[in-house]
Amino acid sequence: MEHIVPWMNHYGYIVLFLSLLLELIALPIPGEPLMSYVGFLVFQGKMNWGLSILVAFSGSALGMTLAYWIGFALGAPFFHKYGHYIHLGPERLEKVSQWFSRYGNKLLIIAYFIPGVRHFTGYFSGINRLPFRKFALYAYTGAFIWAGTVISLGKILGSQWKHFHPAIKKYLIIAGIVIAVAIVLYLLYKNNKAQLKAITTTILTRIVHTFHSLGRVRFLVTTVAAIGVILFIVMISLIEDFLANEFKQFDEVVSALVPLVFTSDWAGWMRLFAYAASWPALISVAVLSLGWIIVVKKNRGLEAFFLCFTFFGAKLFEEGLQHIFHHLSLALSHVEHLSYNFPSEHTLMVTVVYGFAAFLLIRHLENPIVRMMIGTSFFLIEILVGVSHLYFALKYPSDIIAGYVFGGVWLSVNIVLLEINRLLRTTF
């Protein structure tokens, strides 16, 4: 990379075009670091953002196309015999073949984000005589997504590009794959509207049937229980990663990106969302929930008890967790970066208090649109509270996510216990 940078500074667009063209023919050129550096030059005003993406797309698409026609012309026997000279021998062909078997032609979109795969998908497509129109649709779409994502990320990181590029690469792959999957889903929808409509109708019919069979409340509780089980599994994984100190890179990347996305213009809103996690706000929501319980007049004593138990128990749960992880952090003091705020008190309490209030409203209200609006508002408040604490650098991102997960486990357990007690009272 250091050998290309001087050339990049003098002949930017030409070097960008040729480098990506040659990389997609399987030459060892660092395409992603190069495009990230181009994004940095865009940030400095030395290159044009739109033109850079267009040039990178053109070089990538042409390189992939040349690889396709070479593979098409020479065929599999040639690569089985001579492919090892360009690292495309029988073993590599078999590996790419397995990837194609798993993902189909959509691999041509995803492959750009997978080192060791993108260099050979063009050859493989040609060897297997994939129709050029189909190849071009997926390959060119992938080239544009890849170029746009990497260059834009370099532009967003700006002056912090050099420091965070090694850590960004892993999350860039994930982000690119998510975008690529979204494009694939759109193409599938566009080309298979009738079949998808029929499948969706069948699934919705079964859900409605299940909903009516179980009853609205039982269906809701079953869903909460299932979410609780999933969150418990995630919680175990988070604890293992915390003790192994696996969050450092993730925390650095997210902490760098948040202030770049949410500028100083967001300060007022962020203060408001941060206040939503304060004790005055949490106590207010709990008091309003108690008022709702009194108004509804359905198992008031039971619901009031579980409201108090969930609220105060969550605080004890959070303090107990932080005490345990604090001592574990001291025991692992030879490992850097272990947090003393794992999990975050604020996101854990917001999840529990706002979540319990939302459950009570959704359970007793009949209007489905209102229930949906309440559920959506709950999730939005949760997310924005977490973002506000990142914005003001109050917690590590891993602490905030852990707060969501641990809070979700505590909330789901208490909701299930509440409904079991309600059922037992009704039965006996």
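Me: What does the accessible surface of the protein chain come to?
Reply: The accessible surface is about 22500 Å², and 70% of that area belongs to carbon and sulfur atoms. Areas come from the Shrake-Rupley method with a 1.4 Å probe, and for residues only the protein chains shown count as cover. This is a predicted model, in which local features need pLDDT of at least 70 and side-chain atom pairs count only at pLDDT 80 or more, while totals for chains, interfaces and linings use all residues. Residues are numbered from 1 along each chain as its sequence is written, and side-chain values use heavy atoms, with hydrogens and water left out.

Me: How many of the 428 residues count as buried, in percent?
Reply: The buried share is 46% of the 428 residues. Buried means under 20% relative accessible area, exposed means over 50%, and partly exposed lies in between (1.4 Å probe, protein chains only).

Me: Which secondary structure does the chain have?
Reply: The chain has 18 helices and zero strands. Both are DSSP runs numbered from the N terminus: helices are H or I with at least four residues, strands are E with at least two.

Me: What share of the contacts joins residues at least 24 apart?
Reply: Among contacts between residues at least 6 apart in sequence, the share is 79%. A contact means heavy atoms within 4.5 Å.

Me: On to charges. How many salt bridges are there?
Reply: The structure holds six salt bridges, each defined as a side-chain nitrogen of Lys or Arg within 4 Å of a carboxyl oxygen of Asp or Glu. One of them joins Glu303 and Arg422, at 2.9 Å from N to O. That pair links distant parts of the chain, with Glu303 in helix H15 (residues 300–331) and Arg422 in helix H18 (residues 397–427), 119 residues apart.

Me: Are Glu303 and Arg422 buried or exposed?
Reply: Glu303 and Arg422 are both buried.

Me: What does Arg363 pair with?
Reply: Arg363 forms a salt bridge with Glu419, with the closest N and O atoms 2.9 Å apart. Arg363 lies in helix H16 (residues 345–364) and Glu419 in helix H18, so the pair ties together parts 56 residues apart in sequence. Arg363 counts as buried at 11% relative accessibility, and Glu419 is buried with a relative accessible area of 9%. Salt bridges with shared partners join Glu303, Arg363, Glu419 and Arg422 into one network.

Me: And what about Glu319 and Lys315?
Reply: Their side chains meet in a salt bridge at 3.5 Å, N to O. Glu319 and Lys315 are four residues apart in helix H15, so about one helical turn separates them. Glu319 is partly exposed, with a relative accessible area of 42%.

Me: Changing topic: how many aromatic pairs are there?
Reply: The count comes to 23 aromatic pairs. Rings of Phe, Tyr and Trp (its six-membered ring) pair if their centres lie within 6.5 Å; planes under 30 degrees apart count as stacked, over 60 as edge-to-face and the rest as tilted. Phe242 and Phe342 form a stacked pair, 4.2 Å centre to centre with 10° between the planes. Phe242 is in helix H11 (residues 216–243) and Phe342 in the loop between H15 and H16, 100 residues apart. Phe242 is buried at 3% relative accessible area, and Phe342 is buried at 1%.

Me: Which residues form one aromatic cluster?
Reply: The cluster consists of Tyr68, Trp69, Phe72, Phe132 and Phe135.

Me: Which charged end sits over the ring of Phe72?
Reply: The charged end of Arg129 sits over that ring, 4.3 Å from its centre. The criterion is NZ of Lys or CZ of Arg within 6 Å of the ring centre and within 35 degrees of the ring normal. The charged end of Lys155 sits over the ring of Trp49, 5.7 Å from its centre.
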